[in-house]
Each structure stands twice: as structure tokens, then as C-alpha cells.
There are 2 protein chains.
Amino acid sequence: MTSSIDPSTSPLLTDLYQLNMVQAYLDRGETGEAVFEFFPRRLPARRGFLLAAGLETALHFIENARFRPDEIAWLEQTGRFRRNLLDFLANYRFTGDVHAIAEGTAVFGEEPMLRVTAPLPQAQLLESRLVNILHYQTVVASKAARMVLAAPGKLLLDFGMRSAHGAEAGLLAARASYIAGFAGTATVLAGLQFGIPVFGTMAHSYILAHDDEMQAFEDFARSRPDNLTLLIDSYDTLAGARKVVALAQKLAADGIVVRGVRIDSGDLIASSKEVRRILDDGGLREVQIFVSGGIDEDVLASMAKAGAPIGGFGIGTNLTVSSDAPTIDCAYKLQEYAGLARRKRSTGKETWPGRKQVWRQFSGEGRMIDDVLSVEGDTQDGTPLVVPVIKAGERLAPPPALETIRQKAATTLAALPEPLRRLDPGFHYPVTPAEPLRQLAEAVDRRGR
Amino acid sequence: MTSSIDPSTSPLLTDLYQLNMVQAYLDRGETGEAVFEFFPRRLPARRGFLLAAGLETALHFIENARFRPDEIAWLEQTGRFRRNLLDFLANYRFTGDVHAIAEGTAVFGEEPMLRVTAPLPQAQLLESRLVNILHYQTVVASKAARMVLAAPGKLLLDFGMRSAHGAEAGLLAARASYIAGFAGTATVLAGLQFGIPVFGTMAHSYILAHDDEMQAFEDFARSRPDNLTLLIDSYDTLAGARKVVALAQKLAADGIVVRGVRIDSGDLIASSKEVRRILDDGGLREVQIFVSGGIDEDVLASMAKAGAPIGGFGIGTNLTVSSDAPTIDCAYKLQEYAGLARRKRSTGKETWPGRKQVWRQFSGEGRMIDDVLSVEGDTQDGTPLVVPVIKAGERLAPPPALETIRQKAATTLAALPEPLRRLDPGFHYPVTPAEPLRQLAEAVDRRGR
């Protein structure tokens, strides 16, 4: 195991066929301008919209991907590749253009979230990892947005690093859910890497390591008095709540304030109500109840409906693997090469050819009405969503702050048509292919390839 | 964005509460010996067994996790932590013991896949990332094993890096599926990092970039003649197959042999039969049909039943996100501290206390019969599965070769009771808690904490 290679930066995190194709392109001098677009083919069940996320991570990768000498040396010793490919890779840096729909925008099936315009070998080389980056963050942001909509005004936190699929997923789930409106994450590295607020108090192991739950509470409070939240369900949740009441006065004498209690098991609606009563009766009206364990958007909605007195939620597995829809059917497809629009016509996987733009119309109140999908040069009513972000290999503007992206997402959620704010929308947001796009597709098909 | 930190090696990829607890432990001198165990709580629906994977990755993390000076400096400037914690982290290296069940072993609910015995702060610190590593690879290996069982004798390849959740998942899915019996992966970095055989030919973009499909086939064949597989479904699968027949003779004259064709869309059973006929009629009986797109273990089983003439399968999304069961309910729990066994009694989340061992009985023919779960010091019939792997911070043996682990997994699959080899087992493999374990749990409960 070569442990010094970071899979999140190595351009060898790609499919072998990309290198095979680039070898073949170089052998034949097929280095003309190619246009690839990344788009979701369709939305998963129960999803009325997707929340685009991952663009800044993707652009960082596009700008910074370089093959290291030891990676080139390894490729060479496999005996699979010729010198022209190895030299191309050793000198590789992206020199093309990128257009994209901003992170935090609602997107729908067939809408081009990102377009790469570059010499064919360069654009081909990016495919696998670009899809890997954009797909996952969009999966998580879209799931998180449902939770945000189901729990208005509640503190939602990402607790899911441990059950995320690998290291980078743990980190990027924090980013994607924060964009969607989560208040923060438990993942420390997301604080360092992205400046996301990091939350966390204690686990059951802390309680279990002590011979007495009350003593554990007090020790922890004295050591970690800031934003103090005590986990009360290790043995008996209601008894735990009563201990918090008993302890709070003693701690208050030393200036330590209990801010919250956490419940992580059992019937969360019933126990939150009982715990609320115990806390209120004990004079701890300001202490918030925080729950975790098996939370998803349906649980959030049922808790809101039941009037559970819960201030915040720690959400793990269901967020970071998007348990009901862990994938979105996405593609990165060649839409134009050497000046000619192209389309794949594989059964059930036909794509719209050419460079595309999405025009979105909004009502006077700022609500989304419908989208039109057409060719780039067309003019349609509404706001064009696909904008240039990299020109000749260089960013056109500094990366937006994460807070700016998060604000954009909040604006998006506020602008959704009412049915799309429901967990079961029962409504297909209209995305209409315009006549010039249909004509281009027909022309490509007539050309027969 | 600090791009220089690799999330797969940074010990800051953890939950904040771990650091909070370690701070509190250090403040109170709670550095006695702790025993944590990692175990699946229960199996997902349709899973009759899990295939343990990820141990070597986990041990590598345990041995090598170090806090970098810039990570310590960042923690310090958050203002959350005191000098004693920062010094502890700066000097941190693991000095404890680890016991584990070997990778490639079948495991069941409540069986301790890994046990950490170390000073409490050390053992606590490992939790989040250990779970992250062991959980994901076990998810993928368990899914892959079902595919291997559903498609005996077929070439199965991991094509799922792009839809895996982030970079590390893409890489580790290759490892976990290879352990389970896949023949290899498309992911190049998995070849470099783990020595896994890497496969790959061409994508639709290669065909689409050419004005003529036949010319694309020929160009590619001349550039990449080794193990040549042509993708024939970009426009019309049967027409594509006929072009391969026409081309094969021409290529043969130059010593280039077509080894396979790939179909990635449409009705794969029907089209594979038609393509087989075209190839056979064209004298290409040796050319294998390889398919991809939406494959999972149920598709594999239905193809086997239909007698589809398919030699191999590229499996993407359904493998790398384990789409029907993207998570397994797992835990890493404190089982003993300072010489006293402990257990959590949270509703629905009770755990067995103490250091545990699993004894597995096999029939004369080597088939698994049942497991007994008991305390470590007990003696039961059968083979004990939990073995020491790290002692006082040092590996007891060099890491086994990946091929050895893969062979172990093959032996495991051959030893499964017959119902567990089915996709819907309808059978719970017996795991019996032994009397000494029950007595320990009762004693812990009587002690009241």
C-alpha cells in the first residue's frame, strides 16, 4: 500500500478507459475542441428537485489536477502506455473553459450543471472524478434540503461522518449539508477545511466510563462548560433528566449553565415531552432538547406534526448516505466535437446534443415558474443559469465564500414552487426543450452519427 | 480551503465530541485501560451474512495516525482546548492492543469485528474514523459477495468509482469488491495502491467523437490492441455487432484479436442473445459479451436463469453505494473500563458487556454450523475468530497480501450454509450468547451502571 497518495487529489483516481481513450486520441491526433456536459438524467423517487452542490470542489480539482512523477513512473511500468501519453500526462494541466450552474441552485433532469470545453484528451480525462465530486455533494445537498424544509427553524447538525462512505464523503457531506441549510457538523476537519461551525459534546462511552452518571455529568460540565449539552439516555432517560435538574443548580453556583440535553434512543417524541416536563418543572425552561438516532426528513415532519418540544437534531446515516436515494442517475457526455454537435442514442439513454443553456422564469414574488432548455446561442425568457467560471484554465473570479453559496441555497429553497417544498411533491417541475434544441437533435440524427 | 490535508489520513476527520471527551478525560486523569469493540448491531434486510472487510485499512490508520503541527495549531486557535489536550494530541501515537476478526470472514449481528484495548483517551480518539473505515468496506464486500454468489464463473468488475461517495470510497470499493471475489476494477489508483487488476476499454464519448462508428472501432483497435473490447451500443447494438464482425477479419490480418464487445443499454438479455448469434454467425465464437448498466445481484441471477450468453459484467452504482443497503447499523462501544465490564442500556440499543470472543463451528465438510458469543476467557467448541493483531502499538505480523485475504473470502463463501448463499436467505444463522456472557450482563446490570 502506497500510503502517500491522497485519493482526493490523485488524477489516477479515474477509470482506466479514460487513459486508454486518451492514448488512442493522441495516437490519431484527435485533439480538437470537445464539449462535455454533466447533468442528472432524472430525479430519484420522491425528489421534486435537486440542489446543485460540489462545483467549487470540482473547479478546484480541474485547476489543480497534476500527475506526480511517481504516478507517471507507475503508469509507465505497467507497460500499457506509450511515451506520447506519458508525456502528455506529465505535462497535463487544464487549459480549457468551464461553464456551470452555481452551487445552491435547484436543478432538474437533463439540465447541464457543468460544461467542459477543451481539447478532447483533456476533457475526457476529467470525467470520472468530476462525476464523483458533483454527484455525491448533490446527493447530500438534495437530501439535506428536504430535511431543512421539513424542520423549519430547527437546528440541524450533520452527525454522519462515521457512516459516510469513506473519508472524503465524511468531509464533503458536512460541506453539502451546510450549503443546504444545516447549522453545522460534528466533523472537526470540516471546520478546518471549510470554516463550517463544528458542534459536539459527549458520547455514551463518557458516561459508561464513570461509575456514576451524575458524577459523569458534573465532571464533564466542569471540564467542558461551554455550550454544555448532557447525554441523558445511557441508562434511563427520565432519570437522566432528573439528574440534570438536580445538578443544574449546583453548577449554576459556579457559573456553569446547562444549555441542552441529548436523547439518542427510544421513542423520541414521547420522551422529549416527558423530559421537557421534567426540565420545566425543575426550572430549566431554557434548556433545549436535542435528539439524534435514525432521524430523516419523515421523522422530522412527524415530530413537527406531533409538536415534539425538540430544538435540534443530529442527523447521521440518513444524511451522509442519503439512505432512500444514495445515488442520482447522472452523466458526463460528449455533446460536441470538432464543431459538430453529437448525441448518444443508446436505448433509454438518449441525450440532448450540443452546448446547452437553461432559462428559468420567476414570478413577481420570486417563485420559480418553469425552465426552458435550449442551445447556448438561443434567446429565451428568464434567467440563464449556465455561466462561465473558468476561461483558458483560469478562474474568472475568486471562489465564492461558503456562506455566499449557503445564502444562495436559502434563496433557492424560498423560491421553490409550493409542491416542491413537500416531501412527496407529486408534481413535475416543467423543463421544456425549446424548438432550436429539438431541431439540433434532429439534425444530428439525420447526419446519422 | 486548505487543500494540503488528506482527509484519509488526518486524525481531525473525527467528531468533535471525541476531542471534548478526551479533554475531559485528561482533566480528570481518566486514562485507565479501556476496551472498545466494533460490531454490527444487526444485518440489513435480505443480508444473511456480512463479509468483514476494511481491517487492514483500519490497522494502517491506527498505527499511523498522527496530528500534524498545523492541525494542532488550528485546534489551539479555536480556543476550545487546553494545553494538556493539545500536548497529548501532538505526542499521540497508539500504544494499545487490537484484536480482530480477519478480513474475508463472515460476520453476524453483535459479533466483535475489532476490539481496541488502550488508555481511555487513545481508544476514544479512534472511534469515528475506525467506524468510517470498517463500515464502508464491509458494506461493499457484503454486497459484492452477493453478486459473486449470483454469478458463479462470471467475470465481475467494479465500474463504480464515479458514483461512489467521494474519492476514498471509489478507491476502497475496488479493494472490498476484489476481496469478495470480483476479478478487478476500472479504477486506476486501485492498481497502484493495492495491486488490483485494472480493466477498461472505451466509453461512448470515444465513439461519438468519431464521424463513423466503424472507423472509431478500427482506430481504437489499432491504438489499444491488447485485450480489445469494443463498445457497440452507441447507436444501434446489432448494427454495432455486425460492424465488429466485418472489422475482425481485417484486424486479424494485422494480428489484432477482438476479445469482447460491451453492451451498456437496452434489454441486456435479449440483445446479448442476438449479438451472440451475430458474432457466432460471423465466426467470432471466442468473442465474449460483456455488459454494464444497472447491474445488481438480482439482475445477475435473472441473467443466469435466462441463460444470457454473457461472460462478464461491469458493475457500478449498485456495488459502490450498495444501493439496497447503503449502510449497516454498526457501533464502537465501551465494553470495559478500569477493570469493570460496562454496557449501554439505552432503549433498543443495549449491548453485551466485556471482552468477547466468537467461536464458530464447522461441519466435517467445512460448512459453517453455528456461532457462540461469549466472554474472552471462556472456552467453547469451535474456532475462535477474534485474534490479536496489534500488541503495544506494534503489528504482530506483517499485513497479509490482498490475495491471501481474497482467498480467505472465497473459502468463507464456500463454507456458507446453503440458505445464506441465496439472495433471499429466509434463515437466521444461529449466534448464541453463552451463559458466562449472560451472567456478566446481569452482573453489570445488578451493579447498576
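Two strands are taken to pair if DSSP finds at least two bridges between them. Strands (E, at least two residues) and helices (H or I, at least four) are DSSP runs, numbered from the N terminus. The model is predicted: local features need pLDDT of at least 70, side-chain atom pairs count only at pLDDT 80 or more, and totals for chains, interfaces and linings use all residues. Residues are numbered from 1 along each chain as its sequence is written, while chains are lettered from A and ligands numbered from 1 in the order in which they are written.

Strand 3 of chain A (residues 97-101) pairs with strand 17 of chain A (residues 386-391) in the antiparallel sense, over four bridges. Within strand 17 of chain A, Val387(A) is the bridge partner of Ala100(A). Strand 3 of chain A is also joined by four bridges to strand 5 of chain A (residues 114-119), and these two strands run antiparallel. Here Ala100(A) stands opposite Leu114(A) of strand 5 of chain A. A residue is buried if 20 or more other C-beta atoms, placed from the backbone, lie within 10 Å of its own, exposed if 12 or fewer do, and partly exposed in between. Strand 3 of chain A is largely enclosed by the rest of the structure, because four of its five residues are buried.

Chain A is divided into domain 1 (16-142 + 325-447) and domain 2 (151-320), with bounds from an automatic or database domain assignment. The C-alpha centres of domain 1 and domain 2 of chain A lie 38 Å apart. Contact between two residues requires that their C-beta atoms, placed from the backbone, lie within 7 Å. In chain A, 16 residues of domain 1 are in contact with 17 residues of domain 2. Helix 14 of chain A gives the most to the side of domain 1 of chain A that touches domain 2 of chain A, namely six residues. The residues of this side comprise eleven nonpolar, three polar and two charged. Ala, Val, Leu, Ile, Met, Phe, Trp, Tyr, Cys and Pro count as nonpolar, Asp, Glu, Lys and Arg as charged, and the others, Gly among them, as polar.

Between the chains, 91 residues of chain A are in contact with 92 residues of chain B. Helix 1 of chain A gives the most to the side of chain A that touches chain B, with eight residues. By class, this side of chain A has 39 nonpolar, 33 polar and 19 charged residues.
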